[in-house]
Amino acid sequence: MRLKHKTALITGGSSGIGRETAILFAHEGARVVVVDVDDTRGNETVDHILKLGGEACYMHADVSKAEACANMIDVAEKTYGALHILFNNAGIMHNDDGDAVSTEEAIWDLTMNINVKGVFFGCKYGIPAIRRAGGGSIINTASFVAHLGAATPQLAYTASKGAVLALSRELAIIHARENIRVNALCPGPLRTELLMKFLDTDAKKQRRLVHIPMGRFGEAKEMAQAALYLASDESSYVTGTEFLVDGGITAAYVTPE
Ligand SMILES: NC(=O)c1ccc[n+]([C@@H]2O[C@H](COP(=O)([O-])OP(=O)(O)OC[C@H]3O[C@@H](n4cnc5c(N)ncnc54)[C@H](O)[C@@H]3O)[C@@H](O)[C@H]2O)c1
């Protein structure tokens with residue numbers, strides 16, 4: 001087991017990447033705190049883990065709220081004694097997120113508050129806990145759009161993921177000598193609810209698929225495997241990286257026929 005005796009907190013654990021990662025981390029021996037605003041599906045994730053013989057609990061927290069983030073870290077420490085792995089993964093992609101002209105200020109603020117401030121709060125309250133545990137691993141979910149511009153505009157989302165990547169790098173340097181590693185996971189386009197709701201027609205899906213050398217969307221389970229590597233001691237010399245798991249999209253100039 002690659003995460004035995006570790007406690008992991010995963011935000012956005014009710015769905016997609018977060019859910020699959022919670023299940024995989026528990027399978028690898030971690031005690032998992034599943035955090036989300038979708039309580040029904042969060043509890044369902046935990047039930048699933050418990051049925052498989054794993055250890056997990058659910059905690060409601062809106063990551064854009066400071067007090068909620070302070071509480072979630074507190075619950076992790078009080079329930080399992082220490083926090084070693086923090087996966088700041090919750091995020092949104094709003095359907096009304098467009099270009100600079102069309103995007104309303106409220107959509108910009110909502111996206112930034114969840115996608116960026118949520119990661120900041122996770123780190124703000126999580127880093128002291130990880131320090132108390134003697135060190136650990138922080139994984140922040142950014143995106144391939146932190147590296148590439150897209151013709152299907154989602155300006156607030158893209159800017160938010162650029163910010164996550166930049167803050168992850170800087171935190172990695174700040175905490176490098178405290179045995180706290182900080183890495184950004186940069187998924188490519190995935191077949192999860194978040195993207196499928198945004199690319200809500202076949203034409204929009206095709207427009208994205210045509211750029212992916214592998215010719216398919218990625219799966220949440222494939223991101224969970226990448227997160228497992230970054231969480232485990234196998235990545236002990238990896239910090240400050242932008243771990244692209246993207247079907248080759250950022251490597252491509254022209255995709256194969
Ligand atoms: N799906 C993709 O193509 C893709 C690509 C790159 C990056 N990402 C990023 O991966 C992460 C996970 O996305 P996913 O595809 O698994 O999406 P998803 O929609 O399946 O899951 C996201 C989860 O976050 C939760 N959430 C939303 N707002 C929250 C808040 N304020 N507080 C707590 N939880 C909240 C949702 O309830 C949901 O359970 C996001 O940060 C997303 O931006 C996704």
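This is a predicted model: local features need pLDDT of at least 70, side-chain atom pairs count only at pLDDT 80 or more; totals for chains, interfaces and linings use all residues.
## Overall form

The protein contains 8 helices and 7 strands. Its C-alpha atoms occupy a box of roughly 50 × 40 × 40 Å along the principal axes.

## Packing of helix 4 and helix 5

Two packed helices are described by the angle between their axes and the distance between the axes. For helix 4 (residues 105–132) and helix 5 (residues 155–174), the axes come within 9 Å and cross at roughly 15°. Angles under 35 degrees count as roughly parallel, and helix 4 is therefore roughly parallel to helix 5. The crossing of helix 4 with helix 5 is right-handed.

On the side of helix 4, the contact is formed by Ile 107, Trp 108, Thr 111, Met 112, Asn 115, Val 116, Val 119, Phe 120 and Cys 123. Helix 5 contributes Ala 156, Tyr 157, Ser 160, Lys 161, Ala 163, Val 164, Leu 167 and Leu 171. Sorted by class, the residues in the contact of helix 4 with helix 5 are 13 nonpolar, 3 polar and 1 charged.

## Packing of helix 1 and helix 2

The axes of helix 1 and helix 2 (residues 39–51) come within 10 Å and cross at roughly 25°. Helix 1 and helix 2 are therefore roughly parallel to each other, and their crossing is right-handed.

Arg 19, Ala 22, Ile 23 and Ala 26 of helix 1 make this contact with Thr 45, His 48 and Ile 49 of helix 2. By class, the contact of helix 1 with helix 2 comprises 4 nonpolar, 2 polar and 1 charged residues.

## Surroundings of the ligand

The ligand is surrounded by 29 residues, of which the closest are Gly 12, Gly 16, Gly 91, Thr 192 and Leu 194. By class, the shell around the ligand has 13 nonpolar, 12 polar and 4 charged residues.

Two helices each supply at least two residues of this shell: helix 1 (16–27) and helix 6 (193–198).

Conventions
Residues are numbered from 1 along each chain as its sequence is written. Axes are lines fitted to C-alpha atoms, for helices over the stretch in contact, and angles run from 0 to 180 degrees between N-to-C directions. Helices (H or I, at least four residues) and strands (E, at least two) are DSSP runs, numbered from the N terminus. Angles under 35 degrees count as roughly parallel, over 145 as roughly antiparallel, 65 to 115 as roughly perpendicular and the rest as oblique. A crossing is left-handed if the near helix is turned anticlockwise from the far one by less than a right angle, and right-handed if clockwise. Two residues are in contact if their C-beta atoms, placed from the backbone, lie within 7 Å. Ala, Val, Leu, Ile, Met, Phe, Trp, Tyr, Cys and Pro count as nonpolar, Asp, Glu, Lys and Arg as charged, and the others, Gly among them, as polar. A residue is near a molecule or strand if its C-beta atom, placed from the backbone, lies within 6 Å of it.
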